[in-house]
Amino acid sequence: MSYSLQLYTVRNAIQEDLSGTIKKVAQLGFTQVEPYNFVATANELGAALRENGLTAPSGHAPLLSQDQDEIFAAAKELGITTVIDPFIPADRWQSAEDVQATAAQLNEAAKKGAGYGVRVGYHNHQWELESIIEGRTALEYFADLLDPELVLEVDTYWVAVGGQDPVDILTKLGDRVKFIHIKDGPLTTDTKAQLPAGKGKVAVLDVIAAAKSLEAGVVEFDDYDGDIFDGIAQSLKFLQESTSATAGAEA
């Protein structure tokens, strides 16, 4: 199992010292990261990744509100092969027509991305699960409208906050899911209450097992009421030890 870190988790440290933060992430044991807003920092970020032996298979960028060519060019420069739109507001998920429009826009973005050798994906929050369209969650309805090459990064915590079972949603979405966000906590919208993996209400290991076509599990905290690097370290330790134990049991 390959684990990555969403760099938004350490955004405050990055603002103070990008290269030092990337070095610290590598020292914690990560070999992969998921950058955000990477167009603005592409040169410095690329140098820091190379210096610390890190790769960035995926990255977040607002594809529907910023210059797509600029995003895909920066992604290619950084070795990011999947660009994921991280946020489309709740009011765009309340009707079939709006969801259809969003899917069409992302399908067009994917065609442009293909010219750069970059795949396009989408990352959910809770509202895509709270909204029901034609008897299914808006996320499921949306997934069926996407061209085959588009992928999903399911934020499993926000799925649960949205009132759905992450294992069930991952099973329904199937091979479309190539990345998941791994986070834990009390399943509320209070991001400060988020916890290291294994310490909250998410059945983290069941969630990981349900994602059958996973390319990377991405550790993320939207926020944390403690030392963020300690929280990250606890999450990675839990995941690595649990993965090792599972592999040992299967052997």
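Modeller: Start with Phe-72. Its relative accessible area is 0%, so this residue is buried (buried means under 20%, exposed over 50%, partly exposed in between, with a 1.4 Å probe and protein chains only). Tyr-116 counts as partly exposed because its relative accessibility is 24%.

A word on the basis. This is a predicted model, where local features need pLDDT of at least 70 and side-chain atom pairs pLDDT 80 or more, while totals for chains, interfaces and linings use all residues. Numbering runs from 1 along each chain as its sequence is written, and side-chain values use heavy atoms, leaving out hydrogens and water.

Now the rings. There are eight aromatic pairs in the structure (ring centres of Phe, Tyr or Trp, the last by its six-membered ring, within 6.5 Å; planes under 30 degrees apart are stacked, over 60 edge-to-face, the rest tilted). Phe-72 and Tyr-116 make one of them, tilted, with 5.8 Å between centres and 35 degrees between planes. This pair joins distant parts of the chain, 44 residues apart. Phe-72 belongs to helix α4 (residues 68-78), while Tyr-116 lies in the loop between α5 (96-114) and β5 (119-123). Phe-221 and Tyr-224 form a tilted pair too, at 4.9 Å centre to centre and 55 degrees. Both Phe-221 and Tyr-224 are buried. Elsewhere, ring pairs tie Trp-93, Tyr-122 and Phe-142 into a cluster.

Charges also meet rings. The charged end of Arg-11 sits over the ring of Tyr-8, 3.9 Å from its centre. Lys-24 places its charged end over the ring of Phe-229, at 4.2 Å from the centre. (The test: NZ of Lys or CZ of Arg within 6 Å of the ring centre and within 35 degrees of the ring normal.)

Next, the surroundings. Phe-142 leads from the cluster into the largest nonpolar core, which has 74 residues (buried Ala, Val, Leu, Ile, Met, Phe, Trp, Tyr and Cys, joined through side-chain atoms within 4.5 Å). Phe-38, Val-83, Phe-142, Leu-152 and Ile-180 touch the most other members. Leaving aside neighbours within four places in sequence, Ile-180 is in contact (heavy atoms within 4.5 Å) with several residues, including Leu-170, Val-207, Ile-208 and Val-218.

Notes:
Helices (H or I, at least four residues) and strands (E, at least two) are DSSP runs, numbered from the N terminus.
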